[in-house]
Amino acid sequence: MIVSMENTTTSAIDKKLNQLRDQHGVVTLGRVLTLVILAQAGHSEAALEAANFASHEHPCRILMHVGHSSSEETRLDAQLRMGGDAGASEVIVLHGYGDLAEPTETLFSALLLPDAPIVAWWPHTVPPPSAHTSSIAGIAHRRIMDSARSDDAYETLAELRHRYVPGDTDLAWTRVTNWRIQLAAVLDQAEPARVREVVVEGSGRSPSVVLLGSWLGTRLGSEVTFVNNPGPRRLERVTLVRDDGEIVLERPGRSVAMLRQPGQPDQQIAMPVRDLNACIAEELRRLDPDEVYGEVLTSGLRDVQVARIVDTSGELTPGAARFLAEHGGGRAETPATPEDTAEVVMALPVPESDGVPAAEPLVPGPREERA
């Protein structure tokens, strides 16, 4: 059931919800949280589909704000979805125009479930620091972002590190859950040996590559090499260079990974790409802070030792160059031309202070991150 309301108020929406519950016998006693989604116009349905999928595991009330032009006359349109159109939740979609194009805490306060945790999710961007962002973040127990929507993964992660507070999380980290599980299992079963170097290969625009490499490097006490390849935003291969040989976990496609270990035959492992539905469902399983992610973001990105960053498509991004200068030897390796794969050395800028400028957070439309 879908009910549309034009030029309305949150008070009128709340009254309409109560009326629909009385008419159709819908109850809210089973709702375990309120999920607030801050979406962009034109890209909201994918996020809503993922939230509805997750609601079958986590029944909730979904409040989605879709911002439109701030130059139009101020008004609020709403769409209420219940029953079969809302999964195991009830959905309220708010379309804000004019002054209401920017979401605020007061816009949602009348529609929040009483005495229920609040999760805020920015599906298409890393929100820049602002009064509006701080207002909503301040009432949320968990704050879900997606740094994969930025063009410079290193710079965006640096910005997130500086403003991290417990309860923040990143879907770029959630996407590497299966990689972390498999690598931890392999090291548990392998004979003890020192890991001399970790090599992580994937898209240079993928923050999942940086987060996984930082986690492995700091946990294993090893230097890390990042190999940035062109192509889709995904993680392609992890190599653990040990004294007794190399352990390689590689996923060339979307569903099956190949594991190679010294003295053992190659193994195929089912490791499908995690879609948005699975990532959101995982994030809603816990409402306490993700301590491992917090350690990787704050300590791992600070303490990781970078051996080199090899870019196979051209110059490093400013964020990657700064990251290497701060954590490595201050030298990067890039091929001179696409035809000439011989590596050349280029000088990098002097590291800056902690005031790292934030990357432009807005990217036109969501793009798939494959990790």
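**Whole chain**

The model is predicted, so local features need pLDDT of at least 70 and side-chain atom pairs count only at pLDDT 80 or more, while totals for chains, interfaces and linings use all residues. Residues are numbered from 1 along each chain as its sequence is written, and side-chain values use heavy atoms, with hydrogens and water left out.

Display the chain as a cartoon: its secondary structure comes to 11 helices and 17 strands. Helices (H or I, at least four residues) and strands (E, at least two) are DSSP runs, numbered from the N terminus. Of the 371 residues in the chain, 53% are buried. Buried denotes under 20% relative accessible area, exposed over 50%, and partly exposed in between (1.4 Å probe, protein chains only). Among contacts (heavy atoms within 4.5 Å) with a separation of 6 or more, 73% are accounted for by residues 24 or more positions apart.

**Leu187**

Select Leu187, found in helix H7. Leu187 is partly exposed, with a relative accessible area of 24%. Draw a distance between the C-alpha atoms of Leu187 and Leu240: they lie 53 residues apart along the chain and are separated by 9.6 Å.

**Helix H9**

Select residues 276-283, which form helix H9; 6 of its 8 residues are buried. Those buried are Asn277, Cys279, Ile280, Ala281, Glu282 and Glu283. Next, colour the elements that cover them, which include helices H2 (44-55), H6 (171-174) and H7 (177-189) and strands S6 (118-121), S7 (142-145) and S8 (168-170).

**Helices H8 and H10**

Two packed helices are described by the angle between their axes and the distance between the axes. Select helix H8 (residues 207-220) and helix H10 (residues 291-303), which pack at an angle of about 80°, with axes 9 Å apart. Axes are lines fitted to C-alpha atoms, for helices over the stretch in contact, and angles run from 0 to 180 degrees between N-to-C directions. H8 and H10 are therefore roughly perpendicular to each other, a term for angles of 65 to 115 degrees.

Show side chains at this contact: H8 contributes Val210, Leu211, Ser214, Trp215, Thr218 and Arg219, and H10 contributes Val292, Glu295, Val296, Gly300, Leu301 and Asp303. By class, the contact has 6 nonpolar, 3 polar and 3 charged residues. Ala, Val, Leu, Ile, Met, Phe, Trp, Tyr, Cys and Pro count as nonpolar, Asp, Glu, Lys and Arg as charged, and the others, Gly among them, as polar.

**The cavity**

The count comes to 1 cavity of 30 Å³ or more. A cavity is a set of points on a 1 Å grid over the protein atoms alone where a 1.4 Å probe fits but cannot get out, and lining residues have an atom within 4 Å of a point. The largest cavity has a volume of about 110 Å³, volume being the space filled by probe spheres set on the points. Select Tyr154, Ala158, Phe323, Glu326 and His327, the closest to its centre of the 13 lining residues. Helix H5 (153-162) and helix H11 (318-327) each supply at least two residues of this lining.

**Two loop residues**

Finish at Asn7, in the loop between strand S1 (2-5) and helix H1 (10-24). Asn7 has a positive phi of about 45° although it is not a glycine.

Key. On a 1 Å grid over the protein atoms alone, a cavity is a set of points where a 1.4 Å probe fits but cannot get out, and a pocket is an open set with protein on both sides within 12 Å along at least five of seven lines; lining residues have an atom within 4 Å of a point. Angles under 35 degrees count as roughly parallel, over 145 as roughly antiparallel, 65 to 115 as roughly perpendicular and the rest as oblique.
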